[in-house]
Amino acid sequence: MEYLLHILILIGIYAILSVSLNLIAGYTGLISIAHAAFYGVGAYVAALMALKLHSPFLINVVCAVILSGFLGVLVGIPSLRIRGDYFVIATFAFQVITFSVLNNWVSFTGGPMGLPGIPQPTLFGLTISSHIGFLLMMGLLCAITLWVTHQLVKSPFGRVLKAIREDEVFAQAVGKNVAAYKVIVFVISAGTASVAGVMYAYYISFIDPTSFTVMESIFILSIVIMGGAGSFWGPVVGAVLLVTMPEVLRFVGMPSAIAANMRQIIYGGLLVAFMMWRPQGLMGRYSFQKESTRT
Amino acid sequence: MSFLLQVGGLEKNFDGIRALADFSCSLNKGEIVGLIGPNGAGKTTFFNVLTGFLKSDGGKAYYNGIEVSRLSPYRVARLGIARTFQILRLIQQLSVLDNVLLAFPDQPGEKLGNVFFRPSFCRRQEKKNRETALALLSSSGLTDKAHDPANALSYGQQKLLSLVCCLATGADLLLLDEPVAGIAPERIDQILEIIRSLPEQGKSAILIEHNLDAVMQVCDRVIFMDAGRKVSEGTPEEVRNDPRVIEAYID
């Protein structure tokens, strides 16, 4: 039972991460592999504040969102000048820098040793300690994230985002301040990702930099693409799929000597198959592949 | 007499090629001016400089007395200069209706704060815009395509749609880059009809066009340019009979 709840909580965390990444990668068309950095910043802000200042949960969330949002501006700014592959490289740089800081600033972040013993969160006098408690909180946060995203993408604001994805020049020609939109959407996305980080830190109660590597960013991007970039439910479906898939493969009943390797192979094979036969993702209509080969 | 648009001594160089060389022109309110000339004459460059997509290397352009040649594209658009592009630019994966809706200026729902804190205000305005957009689409015969993605339209319909988008921006000056190139004759007539009706709505236009018949039909005045310079200017008749123009078009 605890195991099942654990999986559901993880799905919640990845749903928040992928839904927020979908705002920039799916709706606005800016592929970023810096999402784990924002996720990590959220986790570290919450952990450090809880451990060193003993500040309450809600304040830590707010601080994490603010710092992450500010860093979102920094990553958003290059997107004003560069697009596509070049922008991916720029986000990669940010991701690497963030990891290096977390990994090497030993006196502050604990370096590779991480930060153990993060206390349980207290909300309105209620200490959340059980899996059920965390799951309810995750559910609430997921609902808020989805609602905010829904309001955004169904509004004229969201229409401008899609226009930027399809044709920035046209968007400018009809008077849209493309630069401002890009920065705003980056701030929202980064801030939201940091909330997932805060939850992760409190839930696992131990964090170290290896949870926030570029591989993690790529994993979140895979969720978005496989679920369906630019579709509302796509990232949620993707999160359910990609979090449960390795778990399901645990129960396939392979000889234990090859089980771990086989799981990786099956997992990788499924990813490749997806990209070949359903590049727009499970729920998506918009495909990256079609975009790049369009004449 | 103050002009709607006044351009003086505009310069633009691309690696030693003078795409615009001391180019000047002006436009009165309600006037439709044709811009003709051979390929590479600098016509599209002129549009790009005027709308802020390219930075000029010299000269000034005033729209309603405001210097526009140094502004970014979205600011120029907000001042009331809309344009179409030679290669079709539309939001291909959005519906026809959404393309038109996108073009409306000052939408409350495009501001983050309004989306969350004044949703009903946004919805009301959106509903109003929708009606206006549908009216625009019905007057251009695109109603039954309103919910199709823009890329499902024929080439001619897409050109028409980009003109409708320009109208939706509420701009007073339309810069149309080859609005009737490569489309069927009936469609040409329909688009020319819309252009001809612009002055009644207090709008003006500059159109770049190689189809001289179309230019002669709708323009009050024609500017012929070559190698970045204005070579000749006058009524359609005068320009058509100018030996330099005849020479350029026969070559």
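**Entry 1**

For my own use: helices (H or I, at least four residues) and strands (E, at least two) are DSSP runs, numbered from the N terminus. Two strands pair if DSSP finds at least two bridges between them.

A note on what I am looking at: this is a predicted model, where local features need pLDDT of at least 70 and side-chain atom pairs count only at pLDDT 80 or more, while totals for chains, interfaces and linings use all residues. Residues are numbered from 1 along each chain as its sequence is written, and chains are lettered from A and ligands numbered from 1 in the order in which they are written.

**Entry 2: the sheet around them**

Which strands make up the open sheet, and in what order? I read the order as E6-E7-E8-E3-E9-E10 in chain B, 6 strands with mixed pairing. Strand E6 (81–83) and strand E10 (229–234) of chain B each have a single partner strand, so they are the edges and one side of each has no neighbour in the sheet. From one strand to the next, the twist averages 20 degrees.

I then looked at what packs here. Helix H1 (residues 43–50) of chain B lies across E3, E6, strand E7 (173–177), strand E8 (204–208) and E9 of chain B, and runs at about 145 degrees to E7(B). Such angles run from 0 to 180 degrees between N-to-C directions, with axes fitted to C-alpha atoms, for helices over the stretch in contact.

**Entry 3: strand E8**

Is E8(B) mostly covered or mostly open? It is mostly covered, as 5 of its 5 residues are buried (20 or more other C-beta atoms, placed from the backbone, within 10 Å of a residue's own; 12 or fewer is exposed, and in between is partly exposed). Ser204(B), Ile206(B) and Ile208(B) point one way from the strand, and Ala205(B) and Leu207(B) point the other way.

**Entry 4: Ile32**

I picked Ile32(B), which is found in strand E3 of chain B. Why does Ile32(B) count as buried? Because 22 other C-beta atoms lie within 10 Å. I also noted that Ile32(B) and Leu207(B) are 175 residues apart in sequence and 7.6 Å apart in space, C-alpha to C-alpha. Leaving aside neighbours within four places in sequence, the contacts of Ile32(B) include Ile195(B), Leu198(B), Ser204(B) and Val218(B); contact means C-beta atoms, placed from the backbone, within 7 Å.

**Entry 5: a second sheet**

Chain B has an open sheet of 4 strands too, in the order E2-E1-E4-E5 with antiparallel pairing. Strand E2 (17–27) and strand E5 (66–67) of chain B stand at its edges, each with a single partner strand. Strand E1 (residues 5–14) and strand E4 (residues 58–63) of chain B pair over 5 bridges, and Glu11(B) stands opposite Gly58(B) in E4(B). H1(B) packs on this sheet as well, touching E1, E2 and E4 of chain B, at about 70 degrees to E2(B).

**Entry 6: two positive phi values**

Most residues other than glycine have a negative phi. Asp106(B) is not a glycine, yet its phi is positive, about 45 degrees. I found Asp106(B) in the loop between H3 and H4 of chain B, exposed, with 10 other C-beta atoms within 10 Å. Glu178(B) has a positive phi near 50 degrees and is in the loop between E7 and helix H7 (185–196) of chain B. Glu178(B) is buried, with 20 other C-beta atoms within 10 Å.

Technical notes: Two residues are in contact if their C-beta atoms, placed from the backbone, lie within 7 Å.
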